[in-house]
Structures are given as structure tokens and as C-alpha cells.
Amino acid sequence: ERYFEATRRLVAEVTEAEASVRRGRAQLSGWLRVAASVGFGQRVLMPVIKRFLAEHPAVKIDLKLSDGFTDLIEQGIDVAVRIGALADSGLVARRVGTTERALYASRDYLASRPPKLRRLRVPADLVQHACIVYTELATRNAWSFRTPDGSDVTVRVDAAFQTNSSEGVRSATVAGLGITYSPCWLFADALASKEVTRLLPEWSAPPLPIHLLTTPERRGAAKVKAFGDHVAAALEQIVPVGMAPPIEGDRER
């Protein structure tokens, strides 16, 4: 099945290349299959894809959104967006940025707590609170912070609610179920509308890397490279933390 999928896509690439030559110009065309997490796909990637399609009208996007593991070969994915540390594999990774995380809670949740608990002073205060945990990260309820003086501290929180959905984390936080530790882009609009408030802003969090993954066979495809360049340029404007230089050809690790 893997051999068939690889050869099928190669045949499709050849057909698209021949069609471009017949048209007399190097034009990207055909399907590009992209995978991402639900929250990132909806809130960050969708407008990026819209601009990419406007620049390449002959390209069509098949976007698969899931917070679970996606097998690129089995599902025929050309490019996958992964946030966080990468596992060992034979995939090719290109780092396109980093994303900051922060603590968020709704004002209703904080108001429901005893007065002495409504204002957090240090991350250790989290053990006295209900917390919302995203289970798709390996760290889960072990939340790490960098102190104002530069040392690191990890707090193991008590999960009152956990989910494998980033959008589920957001909904639970806005609904007042507890405090979450999440990427800033997930709560940008809720923070602006004051549905949630950011806690302990002086305590920085280790940023999560953002990678684009593809198979070795697809890394040289014109559509894959063009889409990667477009996403890297767009994230420089969207993601709150500064970009790291793209690392061409990095193996997933």
C-alpha cells in the first residue's frame, strides 16, 4: 500500500509537470494534501492557505485536521504541521518558527475561587487550582516555566479536565472550568475580547517549535517547497515569538 501510494503521487506529479510545460510556463497545479492540528489549522493556517491559493489558482488544497497522530505515508499527506518536540522517524523536517505558551483562565473561574487564590504569585500556586490539560503533548500536566532570574521550574498540576482537542481546551477555559497552559494563538481573540485573562506574564514558558514535515520522496516537489516557503513567511507575521531560521532538510528528531 505504501509503494502504491508513493508511485501514484509520482505519476500525478509527472502529469502536472507535463501539463505545465504544455501551457508554456512553470505553473503549480493539482492537489496538495496538508495535515495540521484542529486549533492551529482553523486559527492560524486557514488564512495562510487562502493567500497561497490566491497566488497559485491552479493548486487545490486537501486539508486534514486532527489533534491525533497522522501517518503521512498511509494517508498520502504531502506536508504536515507539527508543534512541539519531534519523535525519531525517517521524515524530513523544516523548522519554520516557534510559538509561545502562557497561562489563561476566564474571569468567571477566578471570581469563583476564594479571594486569596484569585491572584497567582508563582507557578507553584497552580497546585491549588483546577487545571485544564491537553493530552496530545507528551508533558501533559507537567508544566515548565522559566523564573524571572533565569532558572527553570516544573509544576505538576492537578487536571480537573483534560482533552485531546486543542479547541476543547479553549472551550473549557472560556467556560470557566479552570486554568490552562496553551499556545498564545489559541487564545488571541478571547484575550482581546476579555473572555480570558493571562496569568503570570512575567514567567516565561519554553517555546514550542513549529515544523513542516514531509517524506523524503516529496521534499523536492515544487508544490511542497512553495507551500513551505509561503507558510514560513506568513508565520513570521502571525506567531507571537520570533522566527528561527528554516533548517532545510532536517530529519525529524
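A quick word on helix axes before we start: each one is a line fitted to C-alpha atoms over the stretch in contact, and angles are taken between N-to-C directions, from 0 to 180 degrees. Keep in mind, too, that this is a predicted model.

With that in hand, look at helix α2 (residues 38–55) and helix α5 (residues 184–192), whose axes come within 9 Å and cross at roughly 60 degrees. The crossing of the two helices is left-handed. On the α2 side, Gly39, Phe40, Arg43 and Val44 make the contact, and α5 answers with Trp185, Leu186 and Asp189.

Now hop over to helix α4 (residues 166–174), where you'll find Thr173. Its relative accessibility is 0%, so Thr173 counts as buried, the cut-off being under 20%. What does the side chain of Thr173 reach at 2.8 Å? That would be the backbone oxygen of Val169. Leaving aside residues up to four places away in sequence, Thr173 touches Tyr104, Ala105, Ser106, Ile132, Gly178, Thr180, Phe187 and Val196.

Last stop: Trp31, which sits in strand β1 (residues 30–36). With 40% relative accessibility, Trp31 counts as partly exposed, since that class covers values between the 20% and 50% limits. Trp31 also pairs up in space with Ile61: the two are 30 residues apart in sequence, yet their C-alpha atoms are 5.7 Å apart.

Terms used. Residues numbered from 1 in each chain as written. Predicted model: local features only at pLDDT ≥ 70, side-chain atom pairs only at ≥ 80, totals over all residues. Heavy atoms only, no water. Helix = DSSP H or I, 4+ residues; strand = E, 2+ residues; numbered from the N terminus. Buried < 20%, exposed > 50% of the residue type's maximum accessible area, 1.4 Å probe, protein only. Left-handed = near helix turned anticlockwise from the far one by under 90°. Contact = heavy atoms within 4.5 Å. Polar contact = N/O pair within 3.5 Å; in protein donor to acceptor, adjacent residues only side chain to side chain.
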